Amino acid sequence: MPVLCPSCDNTLRVSQLKCDSCSTEITGSYDLPLFLKLSKEEQDFIMDFFLASGSIKEMARLAGNSYPTMRNRMDDMIGKIKKLKTD
Amino acid sequence: MKPGYFFNPFMKFQEHTLLITGIISLLLASWVAAALNIIYDGVINIHLTTGQNFISALLQNIIAIIVLFVFLYGISLFVNQHTRAIDILNVALIFRIPLYLMAFVIPATKPILKKLPDIQKMEQFKPSGPDLILLTLIGFVSLAVLAYAVVLLINGFKTATNAKKWFHILLVVAGLFVADLIAKIIITRVFL
């Protein structure tokens, strides 16, 4: 799902939701959940972290990278999420 | 192995692999230094000597590694408090591997150094063509090896600490030179 405007790079908002069963449509201006504001790779990373029982070491082993490489990626994402939360 | 890992093996290899590689290379380098009469009298210093033995070479290398580790770890805690000591120790160990290989190059200067007159008559010294080529070649190889070692050091530090600012890299380079000076003073006082 695109999260950034392809024209100006600003964060996109949800303006329409639709029920596939009864075709009810809701129109408005809703903020995207924080998780969805992340890129696909970042979302996958968080999912992998969850599935590895929160072990960066295990994630590093599965990805074939060193522990500091994986932890740095995690630190960068924490920084990005904190920034998204304050914006 | 991807080309990027040649300049930053710390991204790829686990800490125990790097630690074992570093310790084995330290032992091998000390043995080679004893066999070829080489002294590592500083963090980035390597010279010819006489009467070298395995234990002295090993202790000289260990002093250089410990001094560098202390400086790098101090800087790393300033950059990122979550930095692990093992990652910095691995940087201090692995960064020296290219310098250890210089032990096979430095003895080639021995025949030329023997021809050098004392310092007052230096202007009369005219090295032959082949000697000049050899000295120039050794100079280039030494510079390339030192540059590669520094790249390993900086990349290793960046991986261990997640450092991104130029200021942090400048601190590492400054730390390297200060550590080299201190290690040189200690090794000279203890062994020479």
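Guide: A residue is buried if 20 or more other C-beta atoms, placed from the backbone, lie within 10 Å of its own, exposed if 12 or fewer do, and partly exposed in between. The model here is predicted, and while local features need pLDDT of at least 70 and side-chain atom pairs count only at pLDDT 80 or more, totals for chains, interfaces and linings use all residues. Residues are numbered from 1 along each chain as its sequence is written, and chains are lettered from A and ligands numbered from 1 in the order in which they are written.

Visitor: In which sense do E1(A) and E2(A) pair, and over how many bridges?

Guide: Two strands pair if DSSP finds at least two bridges between them. Within this pair, A:Lys18 stands opposite A:Glu25, and A:Gln16 has A:Thr27 of E2(A) as its bridge partner. The sense of the pairing is antiparallel, and the number of bridges is four.

Visitor: Which residue takes a positive phi in the hairpin of E1(A) and E2(A)?

Guide: Most residues other than glycine have a negative phi, and most peptide bonds are trans. The hairpin has six residues between its strands, and the one with a positive phi, near 65°, is A:Ser23.

Visitor: Is A:Ser53 buried or exposed?

Guide: A:Ser53 has a positive phi of about 60° although it is not a glycine, and its place is in the loop between helix H1 (40-51) and helix H2 (56-63) of chain A. Because A:Ser53 has 8 C-beta neighbours inside 10 Å, it counts as exposed.

Visitor: And is B:Asn162 buried or exposed?

Guide: B:Asn162, also not a glycine, has a positive phi of about 65°, and this residue is placed in the loop between H7 and H8 of chain B. Because B:Asn162 has 21 C-beta neighbours inside 10 Å, it counts as buried.

Visitor: How far apart are the end C-alpha atoms of helix H8 of chain B?

Guide: The expected span of a helix is 1.5 Å times one less than its number of residues. Helix H8 of chain B, residues 166-191, has 26 residues and therefore should span 38 Å. The separation of its end C-alpha atoms agrees with that, at 37 Å.

Visitor: Which helices are among what covers the buried residues of H8(B)?

Guide: The buried residues of H8(B) are B:Leu171, B:Val172, B:Gly175, B:Leu176, B:Ala179, B:Ala183 and B:Ile187. Contact between two residues is judged from their C-beta atoms, placed from the backbone, which must lie within 7 Å. What covers these buried residues includes two helices of chain B, namely H3 (54-79) and H7 (129-161).

Visitor: Which residues does B:His168 touch, not counting residues up to four places away in sequence?

Guide: B:His168 is found in helix H8 of chain B, and it is partly exposed because 19 other C-beta atoms lie within 10 Å. Its C-alpha atom is separated by 27 Å from that of B:Tyr40, 128 residues apart from it along the chain. With residues up to four places away in sequence left out, B:His168 touches B:Val79 and B:Ala163.

Visitor: How far apart in space are B:Ile24 and B:Leu93, C-alpha to C-alpha?

Guide: B:Ile24 has its place in helix H2 of chain B, and it is exposed because 11 other C-beta atoms lie within 10 Å. B:Ile24 and B:Leu93 are 69 residues apart in sequence, whereas their distance in space, C-alpha to C-alpha, is 9.9 Å.

Visitor: By what distance are the C-alpha atoms of B:Gly139 and B:Ile63 separated?

Guide: B:Gly139 is placed in helix H7 of chain B, where it counts as exposed because it has 11 C-beta neighbours inside 10 Å. Along the chain B:Gly139 and B:Ile63 are 76 residues apart, and the separation of their C-alpha atoms is 26 Å.

Visitor: How many residues does the contact take from chain B and from chain A?

Guide: Both chains contribute to this contact. The number from chain B is 10, and the number from chain A is seven.
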